[in-house]
Amino acid sequence: MTFFKILFFGDIIGAIGRDGVIRALQELRMELSPDLIIANVENLSHGRGISVKSLLELDTSGIDAYTSGNHVWENTQGVTCFDDPRWKDRLVRPGNIISGRPGRGSTIIKKCGVRVLIINLLGQIFMKDEVMNPFKAIDGILRDPMDVDLALIDLHAEATSEKEAFGHYVDGRAAAVFGTHTHVPTADQKILPGGTAYVTDIGRNGAMDSVIGFEKNSAVTAFLDPSTKSYGLPKHGKIEINAILLTINIDAKRAASIDRIRKIVDG
Ligand SMILES: [Fe+2]
Ligand SMILES: [Fe+2]
């Protein structure tokens, strides 16, 4: 029996999140021996989008591929990363976005002889972006016969019901559905009846004493006065690390186990 282990980090938020993931990976790599490491980077650069500098920094930790979400285009200088030879084949953005945006919605990564299709989609509920229905979009993506061993989906969405329904919709057709975007981990990791691993949200990699990774006082102020929108990022303090370790039985083409990884790192 052949098993393949994937370590998937939820949204990494700013410098403090990058620092936490890079340091946590030194131990996690030894503890878990993952075959493939993936991270969501939509908030990587100052909490908004990506940059050459921040991706290069993460690359030093040996992350193989990156997914993203609705904020990934917000640092306009970082948009070049989607065409950069260093990342264009291992960085994906939501594939169901309607307006023309740079980047690709899926990619195939080969590690240890296993071909992995990585798909990124945005949800529709409580989201501002104009997107194709992710349920219909995934049918189009998975309909094409592709020479892959397994498919992973990062469903970047707000509503828990939309994510859970989506998990059941693709059960048996994808190896896993990883929820991202809310920055708060959920405790519902499970394997669905058809063999698809599922979690509603992996959670953030970023400041613990914060509001979804952002400076807590400015976030509270914004709820009191919605005209104030500028959220800073904490520079110091404890960092929460949230990831999922997924083990796939390649021969059976189904998930064998899904485990939540949570660590608190001193920042
Ligand atoms: Fe995010
Ligand atoms: Fe997001």
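Which residue in β6 is the bridge partner of I118? The bridge partner of I118 in β6 is L152. This pair belongs to a predicted model, in which local features need pLDDT of at least 70, side-chain atom pairs count only at pLDDT 80 or more, and totals for chains, interfaces and linings use all residues. Residues are numbered from 1 along each chain as its sequence is written, while chains are lettered from A and ligands numbered from 1 in the order in which they are written.

The protein has five helices and 12 strands. Helices (H or I, at least four residues) and strands (E, at least two) are DSSP runs, numbered from the N terminus. The radius of gyration is 17 Å, close to the 18 Å that the globule rule gives for 267 residues, so the protein is as compact as a globular protein of that length. This radius is taken over C-alpha atoms, and the globule rule is 2.2 Å times the number of residues to the power 0.38. Along the principal axes, the C-alpha atoms fill a box of roughly 50 × 40 × 35 Å. Of the 267 residues, 45% are buried. A residue is buried if 20 or more other C-beta atoms lie within 10 Å of its own, exposed if 12 or fewer, and partly exposed in between, with C-beta atoms placed from the backbone. Among contacts with a separation of 6 or more, 69% join residues 24 or more positions apart. Two residues are in contact if their C-beta atoms, placed from the backbone, lie within 7 Å.

Six strands form an open sheet with mixed pairing. Their order is β4-β5-β6-β7-β9-β8. Two strands pair if DSSP finds at least two bridges between them. β4 (106–111) and β8 (190–191) stand at the edges with a single partner strand each, so one side of each is left without a neighbour in the sheet. β4 pairs with β5 (residues 114–122) in the antiparallel sense, over six bridges. In these bridges, K110 has R115 of β5 as its partner, and T107 has I118 of β5. The two strands form a hairpin with two residues between them. In its turn, C112 has a positive phi of about 55 degrees. β5 also pairs with β6, this time in the parallel sense, over seven bridges. Seven of the nine residues of β5 are buried, so β5 is largely enclosed by the rest of the structure.

A second hairpin is made by β11 and β12, with four residues between them. β11 (residues 239–249) and β12 (residues 254–265) run antiparallel and are joined by 11 bridges. I239 has V265 in β12 as its bridge partner. K253, in the turn, has a positive phi of about 55 degrees.

An α-helix has 3.6 residues a turn, so residues three or four places apart point the same way. After α4 comes G172, with a positive phi near 90 degrees.

The largest nonpolar core has 67 residues. Such a core is a set of buried Ala, Val, Leu, Ile, Met, Phe, Trp, Tyr and Cys residues joined through C-beta atoms within 7 Å. F8, L152, I153 and A176 have the most contacts inside this core. F8 touches I38, F178, I202, A243, I244 and L246, not counting residues up to four places away in sequence.

F126, between β5 and α3, has a positive phi near 60 degrees. F126 has 10 C-beta neighbours inside 10 Å, so it counts as exposed. I212 lies between β10 (206–207) and α5 (216–224). Its phi is positive, about 45 degrees, although I212 is not a glycine. With 19 C-beta neighbours inside 10 Å, I212 counts as partly exposed. V79 lies in the loop between β3 (65–67) and β4. V79 touches W73 and P102, not counting residues up to four places away in sequence.
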